[in-house]
Amino acid sequence: MDITTTDAWQALRTHAEHFSDLELRSLFAEDADRVERMTLSVGDLVVDFSKHRVTPDVITDLVALAETTGVAGRTSAMMRGDRINSTEDRAVLHTALRATTSRMIEVDGVDVVPDVHRVLRQMAAFTDRVRDGDWVGATGMPIETVVNIGIGGSDLGPVMAYEALAAFRHPRLRCRFVSNVDSTDLAAALSDLDPSTTMFVISSKTFTTQETLTNARSARGWLIDRLGDDAVAKHFVAVSTNADEVAAFGIDTANMFGFWDWVGGRYSLDSAIGLSLMLAIGAEAFGEMLDGFRIVDDHFASTPIEANVPALLGLIEVWYRTFCDLPTRAVLPYSRYLHRFPAYLQQLDMESNGKRVRIDGESVTYETGPIIWGEPGTNGQHSFHQLLHQGTTVVPTDFIVMGSPDHTDEVFVDAEAHHDLLVANCFAQAEALAFGKTPQEVAETEPEPALVSHRSFPGNRPSTMIMAPALTPSVLGQLVALYEHQVFTQGVVWGLNSFDQWGVELGKVLAVAIVPELTADEEPVLAHDASTNALIRRYRALRK
């Protein structure tokens, strides 16, 4: 279906012609019920989207667009296990990872829920042993440091959640995360570790990912040099589905934790990919996180679009990116522990919907896939917020804030005062972005006329405010699921397959060809473009 020919699409095009006339000051002044009507809840999350440059008519037509493109039907198809990832002929069932045991979700006639819970029990039994000190290394010492080696979704999700849930970590165990094939990453992670108390979690579905296996082999060499060959089985576990390669590496397949081809990497945090996280926070807290995911899953699956929080947020992003030509969105968590959350969302959104071809193979004729970026507040206020407030590009912004401090250090008695100031800054930034300060308002207090324009703020910069009582495992699960389903909604409306990522493959293939050309003893015959050939020759000269 060519969605650009639908009535809803054409109506939104007409609305967008008047986008510059949509003034937040006027929208609020003319609608006393705007905040109440445009503030919705899901689980512990309260989401205020009243500061978006949308009218009730725009929302109505966005909902109509979602209905026309079949968001609800596509959601049902995903959750029942249909192969909606058509380019890879796979189901898309990250929602099954948090399903209760009473659910039945079939793939090719097989209920996958029992297998999901079997792996969760296996993970829990293993992590309990490590956390209790019953699992010991080759020298009889309990594990104190877990080094997670993965890349992409096998790294971004676990490290984001590990940082976010710092207040729930085991007092003895610490985790480090290695993803970059740059040797400095691994060297820094291992520099001060005792091999006798270190465990490695190697996360690779196929156990052939080039960067991950390169780091894993170097880590194995580091361990063997210090503890001998027999130590590998006591200090390495795998998250993979390739038992042969895992065994060949030297890992006991009894310590291999599996997942499934219907779990995409960027959607895999709540699968065995989260093993390092479960080691840190324990099986009970991990289960609470799964409960949080499920709260939002149930809301998304059962709530009409006009009241469906992730669907509405996805539709508003479609409005800005496709109809209003706003290319980017900032995610600003006012929470130090969520400092890796924007990076996590970069992959979730940009790898899912950074596509120029529709699911039917035809090229899109409209803009898709916003650029996602951000940093925690209040740090960002003293760097890039200048552009947000007075730059020439309008950047829709997501603010995320908690009702209480993330940490519980009783020694730090001023935590509440700090948090009050943090929250005040968050609210103030959203207010300033939305309503600005007019030249007339500035002139009332500015004695120098030449400075009035410099000190004026145009305002009219849209934002979402997401609030929760505290950053708990459940709230983190709710946040992640909120964005998962927002991204899904965007992809359905744009007609994309949000679950493949062919765009990352070409570079991998070319890198495999280039490696031997960089290291060959004799000058290789090069058949790349002139620039790449020159770069290879220059690197070979530097390497010598």
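Is Val46 buried, partly exposed or exposed? In this predicted model, Val46 is partly exposed, because its relative accessible area is 36%, and the buried class requires under 20% while the exposed class requires over 50%. Val46 sits in strand E2, which spans residues 45-48. Together with Phe427 and Met467, Val46 makes a nonpolar surface patch of about 220 Å².

**The six-stranded sheet**

Strand E2 belongs to an open sheet of six strands, ordered E1-E2-E13-E12-E10-E11, in which the pairing is mixed. At its edges stand strand E1 (39-42) and strand E11 (371-373); each has a single partner strand, so one side of each is left without a neighbour in the sheet. From one strand to the next, the twist averages 20°.

Strand E13 covers residues 463-468, and five of these six residues are buried, so the strand is largely enclosed by the rest of the structure. Strands E2 and E13 pair in the antiparallel sense over three bridges. Within this pairing, Asp48 stands opposite Met465 of E13, and Val47 has Ile466 of E13 as its bridge partner. Strand E12 (residues 397-402) pairs with E13 in the parallel sense, over six bridges. There, Thr397 stands opposite Ser463 of E13. Strands of a sheet pair through backbone hydrogen bonds, in either the parallel or the antiparallel sense.

**The five-stranded sheet**

A further open sheet is formed by five strands in the order E6-E5-E7-E8-E9, and its pairing is parallel. Its edge strands are E6 (174-178) and E9 (256-257), each of which pairs on one side only. Strand E7 (residues 198-203) is joined to strand E8 (residues 236-239) by four bridges, and the two run parallel. Phe200 has Phe236, in E8, as its bridge partner.

**Helices lying across the sheets**

| Helix | Strands it lies across | Angle |
|---|---|---|
| H8 (residues 183-190) | E5 (145-149), E6, E7 | about 165° to E6 |
| H9 (residues 210-227) | E5, E6, E7, E8 | about 160° to E7 |
| H13 (residues 309-323) | E1, E2, E10 (328-334), E13 | about 130° to E1 |
| H18 | E1, E2, E10, E12, E13 | about 165° to E12 |

Strand E2, which holds Val46, is among the strands that helix H13 lies across. Helix H18 lies across E2 as well, and also across E13 and E12.

**Helix H5 and its cover**

Which residues of helix H5 are buried? In this helix, which spans residues 71-80, they are Val71, Thr75, Ala77, Met78 and Met79. The cover over these buried residues includes helix H4 (56-69), helix H12 (275-302) and helix H18 (473-494). Just after H5, Gly81 takes a positive phi of about 100°.

Definitions and conventions. Residues are numbered from 1 along each chain as its sequence is written. This is a predicted model: local features need pLDDT of at least 70, side-chain atom pairs count only at pLDDT 80 or more; totals for chains, interfaces and linings use all residues. Side-chain values use heavy atoms; hydrogens and water are left out. Patches are made of residues with over 30% relative accessible area and no salt bridge: like charges are joined within 9 Å, nonpolar side chains (Val, Leu, Ile, Met, Phe, Trp, Tyr) within 5 Å. Accessible areas come from the Shrake-Rupley method with a 1.4 Å probe; for residues, only the protein chains shown count as cover. A salt bridge is a side-chain nitrogen of Lys or Arg within 4 Å of a carboxyl oxygen of Asp or Glu. Buried means under 20% relative accessible area, exposed over 50%, partly exposed in between (1.4 Å probe, protein chains only). Two strands pair if DSSP finds at least two bridges between them. Contact means heavy atoms within 4.5 Å. Axes are lines fitted to C-alpha atoms, for helices over the stretch in contact, and angles run from 0 to 180 degrees between N-to-C directions.
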